[in-house]
Amino acid sequence: MSKQSTDADVAFIAALAELLNKNELTEISVKREYGEDDSLDVKVIKQANVVHMAAPAPVYAASAAAPAPAAAPAPAPAAAAAVDDPAKHPGAVASPMVGTCYLAAEPGATPFVTVGATVAEGQTVLIIEAMKTMNHIPAPRAGTVKRILVSDGTAVEFGAPLMIIE
């Protein structure tokens, strides 16, 4: 932290917190250099309120005449994880940066890709705007777009799954 605590530092931290809420981010980390051996490291984290609720106990009716139903086979853990968490899907395209995601080059234009479209490796699939710079995000592999996980104009975080290409 800086050697002198100033009102400017407090205003800077408040602006970071406002930016966090405005862009629906969960974390911002910034280092502000003032000079040699004088800096301010700030990490603002928004934590969601997690409420744990106990599930009601199942009620079983005792019946000697009714046979117990056969247990259904459990799905493969890898397949279940891919369905539940798109980030773990082997075809997931992850965001390389924090920014605002756009599916087309400009408002009202045709999207770069749609579900079911075939893409070539290196083809632009969307744009992420970060610090007033439009960054074209290429397809990491050739394949078919199976799912688009973001909406046009939404804020994305580093590593967030953007789409599935198989």
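Methionine 131 is exposed, at a relative accessible area of 81%. Exposed here means over 50% relative accessible area, buried under 20%, and partly exposed in between, with a 1.4 Å probe and protein chains only. The model is predicted: local features need pLDDT of at least 70, side-chain atom pairs count only at pLDDT 80 or more, and totals for chains, interfaces and linings use all residues. Residues are numbered from 1 along each chain as its sequence is written, and side-chain values use heavy atoms, with hydrogens and water left out.

Methionine 131 sits in the loop between S6 and S7. Its phi is near 55 degrees, a positive value in a residue other than glycine. Lysine 132 lies in the loop between S6 and S7 too. Lysine 132 also has a positive phi, about 65 degrees, although it is not a glycine. Lysine 132 is exposed, with a relative accessible area of 76%.

## Two hairpins

Strands S6 and S7 form a hairpin with two residues between the strands. S7 covers residues 133-138, runs antiparallel to S6 and is joined to it by six bridges. Alanine 130 faces threonine 133 of S7. Strands count as paired if DSSP finds at least two bridges between them. Helices (H or I, at least four residues) and strands (E, at least two) are DSSP runs, numbered from the N terminus.

S1 and S2 make another hairpin, with two residues between them. Aspartate 37 in that turn has a positive phi of about 60 degrees. Eight bridges link S1 to S2 (residues 38-45), and the two strands run antiparallel. Glutamate 33 stands opposite serine 39 of S2.

## The largest pocket

What volume does the largest pocket hold? The space comes to about 460 Å³. On a 1 Å grid over the protein atoms alone, a pocket is an open set of points where a 1.4 Å probe fits, with protein on both sides within 12 Å along at least five of seven lines; lining residues have an atom within 4 Å of a point. Points are joined across faces, edges and corners, and the volume is the space filled by probe spheres set on them.

The lining has 14 residues, and those closest to the centre of the pocket are Leu19, Asn23, Val98, Gly99 and Met131. At least two lining residues come from each of helix H1 (7-22), strand S1 (27-35), strand S4 (99-102) and strand S6 (124-130). By class, the lining has seven nonpolar, three polar and four charged residues. Nonpolar covers Ala, Val, Leu, Ile, Met, Phe, Trp, Tyr, Cys and Pro; charged covers Asp, Glu, Lys and Arg; the others, Gly among them, are polar.

## A four-stranded open sheet

Four strands form an open sheet in the order S3-S10-S8-S5, with antiparallel pairing. Strand S3 (92-94) and S5 stand at the edges with a single partner strand each, so one side of each is left without a neighbour in the sheet.

S5 (residues 118-119) and S8 (residues 143-148) are joined by two bridges and run antiparallel. Threonine 118 has threonine 144 as its bridge partner in S8. S8 also pairs with S10 (residues 161-165), in the antiparallel sense, over three bridges. Arginine 147 stands opposite isoleucine 164 in S10. Isoleucine 148 has methionine 163 as its bridge partner in S10.

## Alanine 142

Alanine 142 is in the loop between S7 and S8. Which residues does alanine 142 touch, not counting those up to four places away in sequence? They are Val119, Ala120, Glu121 and Ile165. A contact means heavy atoms within 4.5 Å. The C-alpha atoms of alanine 142 and glutamate 121 are separated by 4.4 Å, with the residues 21 apart along the chain.

## The whole chain

The chain has two helices and 10 strands. From the N terminus on, the elements run α-β-β-α-β-β-β-β-β-β-β-β. Among contacts between residues at least 6 apart in sequence, 56% join residues at least 24 apart.

Of the 166 residues, 24% count as buried. The accessible surface comes to about 11700 Å², and 58% of it belongs to carbon and sulfur atoms. Areas come from the Shrake-Rupley method with a 1.4 Å probe; for residues, only the protein chains shown count as cover.
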